[in-house]
Amino acid sequence: MTRFFLYIFFASLFISCDDGDVIVTTFDFEDRALQQCQGSNAFLFFQINDAGTESLSARLAITEDIFIEEETQSFTINGTTNFANYRIYDGSVEADYFCNEVPPTSPPVTVEYIAESGIASTTVTLNFDDEDGLAFVDSDDPELEGTGDFDGDGIPNYYDFDDDGDNVPTILELDTENADGDNDPLTNPKDTDDDGIADHLDTDDDGDGILTIDEDADQDLNPTNDIDETSVGANYLNGAISISYNITNYREHDYAFSSDIRLILSNMSFVNGEEQITRETIDMGSILGIATGEVLRTPDFPED
């Protein structure tokens, strides 16, 4: 993320306003993109109007940690840690005007209103993906790639990289050998024992009566590397080998996440000398995918 220099906010510019006039300005940022820059322990969110001659900004004392929790938080605009302002320029500005370590001098600011009070509310939404390629299904059916949890490990199927909890990743239990000839591993997933249950939802893939998770001879939580007959493949796919090692742990799960953020300002009062602009609610919009990353988690193994 781009670093920025927080030159646009100065506490000394705050001016008290006793029933000052309400000034009518363009102040039109509806449907304008919410943009951001990251600084040291703060994020600057801003909008630029259609003409590029006005901006609305909010600098909040937050860090990237905010983007990994799905919640709504409120921040008081206080002029010391959290700021907001409205500016009018003698010319057109673009995003790099704000995301710049060195304060630009052109175009000059002709009018600036500083937020005297108000609340900034951020709502973070998290999106998870197990990257197995299976399309999300809006359903809590535990056998679908949706919000259901087939193996009961606390991770919904749509971002559980091992849907059936057998310590074999789902992506390895699809049509990886292209058995149907369509060059798409997502269609016709493997059913090793032909029991009508796809391997990624079958806890005993070869139908030998021993759970796949337990056919792990070296007990490294990876049944795919335990192979006694190379011509057949891993033991968990070989019905002729039926030895249980009683595994009682899940392997570490990993899945990707991206987060979206929505910013709303409320009960705002912007002042410039005796002039005042008040707004009850300003929906500054959303930024999709403001943060991305990987999550590592080892689910708790169910007790007998």
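Student: Which residues is K190 in contact with, leaving aside its neighbours within four places in sequence?

Tutor: K190 is in contact with L172, E173, L174, D175, T176, E177, A198 and D199. Contact means heavy atoms within 4.5 Å. K190 itself is found in the loop between β7 and β8. Helices (H or I, at least four residues) and strands (E, at least two) are DSSP runs, numbered from the N terminus.

Student: What are the ground rules for this model?

Tutor: This is a predicted model, where local features need pLDDT of at least 70, side-chain atom pairs count only at pLDDT 80 or more, and totals for chains, interfaces and linings use all residues. Residues are numbered from 1 along each chain as its sequence is written, and side-chain values use heavy atoms, with hydrogens and water left out.

Student: Why is K190 called buried?

Tutor: Buried means under 20% relative accessible area, exposed over 50%, partly exposed in between (1.4 Å probe, protein chains only). K190 has a relative accessible area of 18%, so K190 is buried.

Student: What lies 3.1 Å from a polar atom of the K190 side chain?

Tutor: The backbone oxygen of L172 does. A polar contact is a pair of N or O atoms within 3.5 Å; within protein, one must be able to donate a hydrogen and the other to accept it, and residues adjacent in sequence count only if both atoms are side-chain atoms. The 3.1 Å between L172 and K190 meets the distance limit.

Student: Is N238 buried or exposed?

Tutor: N238 has 4% relative accessibility, so N238 counts as buried. N238 also sits in the loop between β7 and β8. Its contacts, beyond four places in sequence, are D206, D208, E229 and V232.

Student: Why is A95 called partly exposed?

Tutor: A95 has a relative accessible area of 26%, so A95 falls in the partly exposed class. A95 is in the loop between β6 and β7. A95 touches Q35, F46 and I48, not counting residues up to four places away in sequence.

Student: What makes C37 and C99 a disulfide?

Tutor: A disulfide is a pair of cysteine sulfur atoms within 2.5 Å. The sulfur atoms of C37 and C99 are 1.6 Å apart, so the pair qualifies. A search of the whole structure finds one disulfide.

Student: Why is the disulfide of C37 and C99 called left-handed?

Tutor: The torsion about its S-S bond is about -50 degrees, so the disulfide is left-handed. C37 lies in strand β2 (residues 35–39) and C99 in the loop between β6 and β7, so the bond ties together parts 62 residues apart in sequence.

Student: What makes a set of residues a nonpolar core?

Tutor: A nonpolar core is a set of buried Ala, Val, Leu, Ile, Met, Phe, Trp, Tyr and Cys residues joined through side-chain atoms within 4.5 Å. The largest here has 32 residues, of which F45, L263 and F270 touch the most other members. A second, separate core of nine residues includes C37, L44, I48 and V93. C37 has 1% relative accessibility, so C37 counts as buried.

Student: How do you know that β8 and β9 pair?

Tutor: Two strands pair if DSSP finds at least two bridges between them. Strand β8 (residues 253–272) and strand β9 (residues 275–297) have 18 bridges, in the antiparallel sense. V271 has Q276 as its bridge partner in β9.
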